[in-house]
Amino acid sequence: MALIDEVKNELAAINDGSPSAKRAQATAMIRFGGTIHLVRNQAVVECTFDSHAAASWLRQALKEVYGRDAELYRIDSNTANGEVTRHVVRVFKNGSGNALLRQTGLLDLRTSRITRGLPPNIIGNNDIAAIKAVWRGAFLARGELSDPGKAGYLEVACPMSETALALVGMARRLGVQVKTRQVRNTERVVLNDAFAIERLLTNMGAVHTAREWSGKRNDGESRGKANRLANFDDANMRRSAKAAVEACAKVQHAFKILGDDIPENLRAAGQLRLDHRDATLEGLGRLADPPITKDAIAGRIRRLLQLAAKVERQRAEQGDVPHTHQEPHVESVQASNTSTHAMNAHGVSAQTERITMKTLKDLGDLKGKRVLVRADFNVPLDGTTITDDGRIRAALPTITTLRNEGAKVIVMAHLGRPKGKVVPELSLAPVAARLGELLGITVPLAADTYGEDAQAKVAAMSDGDVVLLENVRFNPEETSKDEAERAAYAKKIADLGDAFVSDGFGVVHRAQGSNYDVAADLPAAAGLLVEKEVTALSKATVNPERPLTVVLGGSKVSDKLGVIENLLGKANRLVIGGGMVYTFLKAQGYEVGTSLLEEDQLDKVKSYIETAKANGVELVLPTDVVVNAGFPAGDTPINPEVVPADAIPADRMGLDIGPESQKLFHDAIVNSKTVVWNGPMGVFEVPEFAAGTRAVAQGLVDATAAGAFTIVGGGDSASAVRNLGFPEDGFSHISTGGGASLEFLEGKTLPGLSVLE
Ligand SMILES: Nc1ncnc2c1ncn2[C@@H]1O[C@H](COP(=O)(O)OP(=O)(O)OP(=O)(O)O)[C@@H](O)[C@H]1O
Ligand SMILES: O=C(O)[C@H](O)COP(=O)(O)O
């Protein structure tokens, strides 16, 4: 028996729900699996299922919850693919069809029309059991599931867009993000993330077969890959085919624009796309000579299209040819890339697969070469004093390796957000001095990034020398949204070097001139830090050892709420502290005094709390907090006081988690196999409010000692760990990335990494 049949059998065997859940499921089964027509003004409700068990369930439920008798019969038909059996449940006799439509709410009594979506009584039902039941009914009626070993997908074909949107909303309330997609003129709700599929199946009640699906999926992974080209007939393949057709059109256009002036590796990649229109990117990679990864082939095609777009733009500027607006090129490759991600055997997104990037060895012999290294030297400063030099030290392995190879090392970096203006306080002068100290040499600082001084300093370099260019963000083009402007600027930087090494992991989530565009102009590779970060963070995203606990804190509340939403489908346990916790406490109806609060995020947070409950994600919040009269400033005396988390006085501000919570958090962390921590638990810069952050850091140290894999991410958290005196080797990995490490965890595609594929 195919696994989908087993899943439906398991779902159809669920019969112990409340009447409200049964009504929700039955209504969904009619809405998704039924047709309604009139015979002499009598409504005939006819629902067709491929599963006999589903049809039987509905017949029984109609009797039980609506008192309606239904006929059940089977239809066998011969199709090109063999005999197909369907099971029909029909409600018709004695006006019972009309009555059923009224009872379910599927007949809108005001307009006497059939409701297009799900009836309001179902949509407005906040009972999680009923929401699960709707999904169960929809899936029983029109659900499809990939076989283990194939590209992972779960889909429900919907009768119309309103029903699709209703399902999307309900999935969200279960903590699962699904999308709608039109396939062969049918609106479908689709899901490709393996973990989310398993979660949704479990939520529907297919607890046993969900596990079997994921288990079999692992066993069958290699088979699935090998069969990919042969099995072109499943939903993901169809999506991929569409993306491939679009990509072919773009490649053809690029060839036309570029003529003979195309780097050979890019031409070969484009030609492969044209010659094998139906192949997946993975398949194209296999066909390349020598074979390369799908990420590499995607990268080459993307660069080909970018190059064409650039040339076309230049020509348009020179008045050679009409500018035909080629920006969508880049997007469409990303789109085809995305569908490729959706096609892998686990159906998961970019960072849940290992990322393959070019590395230093791919740059060949660098002796005497000018190597541009993008580092992230965005370090905390107190005036001109660097309070944590972790990011500078993290760049040393790459710089030292390049120097040892006899390269001239030209380092570029940003500091703060000067918004395209020269801000003297954000000069990299203190960084040049510290880098020189750490390397034991003088590191001259060029007064500009690519201007006369930079050119002169680079021209004067000997092999093994290091020069630092001034803050790249002093140039408005660095962060410009105008790709052409950025590209022209990147070209000027690229003129200073012979190769580019991307080593600023903290900035790989940005597509900016000095970390992204410059890679199109020079042979480019990841530095040792970027390699190390990707390897370490992948341990939390590629089959992490569970329980996976994510600890979040810090002050950038709304930045991190998105991460929480995403993690509700991935982590086993979420521990929340720091400034963001007060929005959670308020969402539970507690007074939070003058603490950091994002009022406009309250509804979101409420739904996260609900989702966490529904998904079985353990949400650990503080039970006590340390408060003060206000944010510690200047000489104002500090009067820390511990209060229960549900009773913060109206005139007090929460600035740390209390002692009871410290123990609670510590224990939650220690009982984990993988821990990711981003954001301090309190205003750790002030000793009176540092205990919570210290307890969490200690939790990670203890978990590491017990064999867990622990990651500290976030600029402030990393500096907190060091400033509080914890040894760096107490943690498995201290990430130099803040936003970058979070976006990596979220599974987003990071431009600064994809450009190195
Ligand atoms: N309860 C609180 N109220 C106000 N500020 C807080 C509170 N708890 C922590 N903070 C502040 O949060 C700041 C760090 O937050 P942030 O979100 O920037 O974390 P991070 O580790 O730097 O992460 P990232 O690098 O991703 O930005 C610290 O300066 C700390 O004082
Ligand atoms: O500190 C960081 O997270 C990185 O340096 C990126 O800085 P940004 O958020 O200003 O781009």
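Student: In which sense do strand E11 and strand E14 pair, and over how many bridges?

Tutor: Strand E11 (residues 370-374) and strand E14 (residues 408-412) pair in the parallel sense, over five bridges. Strands here are DSSP runs of at least two residues (E), helices are runs of at least four (H or I), and both are numbered from the N terminus. Two strands pair if DSSP finds at least two bridges between them, and E11 and E14 have five. Within this pair, Val-371 stands opposite Val-409 in E14.

Before we go on: this is a predicted model, where local features need pLDDT of at least 70, side-chain atom pairs count only at pLDDT 80 or more, and totals for chains, interfaces and linings use all residues. Residues are numbered from 1 along each chain as its sequence is written, chains are lettered from A and ligands numbered from 1 in the order in which they are written, and side-chain values use heavy atoms, leaving out hydrogens and water.

Student: Why are strand E15 and strand E17 said to stand at the edges?

Tutor: The open sheet has five strands in the order E15-E14-E11-E16-E17, with parallel pairing. E15 (466-468) and E17 (524-526) each have a single partner strand, so one side of each is left without a neighbour in the sheet.

Student: Why does Lys-560 count as buried?

Tutor: Buried means under 20% relative accessible area, exposed means over 50%, and partly exposed is in between (1.4 Å probe, protein chains only). Lys-560 is at 9% relative accessibility, so Lys-560 counts as buried. Lys-560 sits in helix H21 (residues 557-567).

Student: And what makes Lys-606 partly exposed?

Tutor: Lys-606, in helix H23 (residues 602-615), is partly exposed because its relative accessibility is 42%.

Student: How do you know that the side chain of Lys-560 reaches the backbone oxygen of Gly-553?

Tutor: The distance is 3.1 Å. A polar contact is a pair of N or O atoms within 3.5 Å; within protein, one must be able to donate a hydrogen and the other to accept it, and residues adjacent in sequence count only if both atoms are side-chain atoms.

Student: Where does UniProt place the feature "binding site"?

Tutor: The unreviewed UniProt entry places this feature at several positions, including Lys-560 and Ser-717. UniProt positions follow the numbering used here, feature names are shortened, and annotations may be inferred rather than shown by experiment.

Student: Why is Ser-717 called buried?

Tutor: Ser-717 has a relative accessible area of 1%, so Ser-717 is buried. Ser-717 lies in helix H26 (residues 715-723).
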